[in-house]
Amino acid sequence: MSTQPSRIANASYQAFPPIQVTTIEAHILDQQRSHPEATGVLTSLLYDIALSAKIIAHATTRAGLIDVLGKTGLENVQGEQVARLDVLANETLIRVNSPTGRLAGMASEENADIIPIPEGYRTGPYVLLFDPLDGSSNTDYTISIGTIFGIYRRISKTGPGQIEDFLQPGRSLVAAGYVIYGNSTVFVYSTGQGVHGFTLDPGVGEFLLSHPNIRIPDPARFYSVNQGYERYWSSGVRQFTDYVQGKTGEFNGGLSMRYVGSLVADFHRNLLAGGIFYYPADSKDPDKPHGKLRLLYECAPMAYIAGQAGGYASDGKGPILDIVPTSLHQRTPFFVGNRCLVETAEAYIKRYG
Ligand code: AHG
Ligand code: MN
Ligand code: MN
């Protein structure tokens, strides 16, 4: 008989992962309780977005089996190729959220103009802005993609949402978040009471609380930027990149570089591990001197989440959340992550341009 101690007896294996069985619905309702004036409309709206995310995740996880990969052959308002999954995600969000009576209108990265609530349906107190599928150039390669959203209270009083309802600074967001369709589907949101993450249990069909009270760790581990464009950057951005790599000797050992090319994936990793993501202005395309990322659909929601997790986001000069948009699809340089790193980027840009 073996004298070896039993591995099983000593193991601390758990049959179930240590995920709290708190559904996203229960969590949102719980947060609502600290706002006695709340009507429940925002709670329901967030749940509608979670439902949209489940429908999109159902398609992304079967991509390759159903006919959703590849391009449509069309260009969107940004002049970018529209992927089939872009259309599917966009239409899902629009269809789920049009008839609920919670919105005065929507705006999407994929639509040139405001998306009105169809005739015959009530309008509501909020507007919803979204990037339906972020990182969609990655869809055909089984790389993580996502959805980003921001919610504002309408400014106009009644009737269809007006442009001023949408052109609000990030400081006025009442909620924001993103969904990442990766090796699992994770929904991250904030209503101004911290940042909370939920993992979709596909068997149960529910988002369950897996990442309560996310705070960006310090010290940071990663910097994330498309360094292939370095030759198009300003001197300040190039020197800041030398700094994060530890080349200038100021940074203790430098940071590791990670770049997926899907903002949601790069942001999510840096949120959990600590780091900075940046997409600076570049001189590559003279028509796009403000970088690539869109203020309303990508940068403001991520800036809000970062701020709620103890981080910071800047356009290289000042807070993203303070920028008052002048058009729906405007772009901005974007630096987001640990506050000390983003402030250092601002200092380099101020000093070297
Ligand atoms: P989208 O797919 O919504 O157009 O966004 C793509 C964005 C963003 O997800 C990512 O950070 C960035 O484009 C990558 O751009 P580069 O390929 O220029 O690095
Ligand atoms: Mn995007
Ligand atoms: Mn997109």
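In which loop is Ser-136 found? Ser-136 sits in the loop between strand S4 and strand S5 (145-153). Helices (H or I, at least four residues) and strands (E, at least two) are DSSP runs, numbered from the N terminus.

Before we look further, here is how to read this report. This is a predicted model, in which local features need pLDDT of at least 70 and side-chain atom pairs count only at pLDDT 80 or more, while totals for chains, interfaces and linings use all residues. Residues are numbered from 1 along each chain as its sequence is written, chains are lettered from A and ligands numbered from 1 in the order in which they are written, and side-chain values use heavy atoms, with hydrogens and water left out.

## Around Ser-136

Is Ser-136 buried or exposed? With a relative accessible area of 14%, Ser-136 is buried. Here, buried means under 20% relative accessible area, exposed means over 50%, and partly exposed is in between (1.4 Å probe, protein chains only). The side chain of Ser-136 makes a polar contact of 3.0 Å with the side chain of Asp-86. A polar contact is a pair of N or O atoms within 3.5 Å; within protein, one must be able to donate a hydrogen and the other to accept it, and residues adjacent in sequence count only if both atoms are side-chain atoms. If we leave aside neighbours within four places in sequence, Ser-136 is in contact with Ala-83, Asp-86 and Ile-145. Contact means heavy atoms within 4.5 Å.

Next come the metal sites. Donors are N, O and S atoms within 2.8 Å of the metal (3.2 Å for Na, K and Ca); water is not among the atoms, so sites may look incomplete.

| Ion | Donors | Distances | Spacing along the chain |
|---|---|---|---|
| manganese ion (ligand 2) | Asp-131 (OD), Asp-134 (OD), Glu-298 (OE) | 1.9 to 2.1 Å | D-x2-D-x163-E |
| manganese ion (ligand 3) | Glu-109 (OE), Asp-131 (OD), Leu-133 (O) | 2.2 to 2.3 Å | E-x21-D-x1-L |

Which residue bridges the two ions? Asp-131 does, and the ions lie 3.8 Å apart. Glu-109 lies in the loop between strand S3 (103-108) and S4, and Leu-133 lies in strand S4, so this pair ties together parts that are 24 residues apart in sequence. Both Glu-109 and Leu-133 are buried.

## Rings and charges

A pair of aromatic rings is described by the distance of the centres and the angle of the planes. Rings of Phe, Tyr and Trp (its six-membered ring) pair if their centres lie within 6.5 Å; planes under 30 degrees apart count as stacked, over 60 as edge-to-face and the rest as tilted. How many aromatic pairs does the structure hold? There are 15 aromatic pairs. In one of them, the ring centres of Trp-233 and Tyr-278 are 6.3 Å apart with the planes at 50°, so the pair is tilted. Trp-233 and Tyr-278 are both buried. Ring pairs also link Trp-233, Phe-240, Tyr-243, Tyr-278, Phe-335, Tyr-348 and Tyr-352 into a cluster.

A charge can sit over a ring too: NZ of Lys or CZ of Arg must be within 6 Å of the ring centre and within 35 degrees of the ring normal. Arg-269 has its charged end over the ring of Phe-222, 5.5 Å from the centre. Arg-339 lies over the face of Tyr-312, at 4.4 Å from the ring centre.

## One side of a helix

Helix H2 (residues 24-32) has as its buried residues Ile-24, His-27, Ile-28, Gln-31 and Gln-32. They cover an arc of only 140° around the axis, which puts them on the same side of H2. The arc is that of the directions from the helix axis to the C-beta atoms. The buried residues of H2 pack against helix H3 (41-60), strand S7 (185-190), strand S8 (196-201) and strand S9 (206-211).

## Backbone details in loops

The loop between S4 and S5 also holds Thr-142. Thr-142 has a positive phi of about 55° although it is not a glycine, and at 77% relative accessibility Thr-142 counts as exposed.
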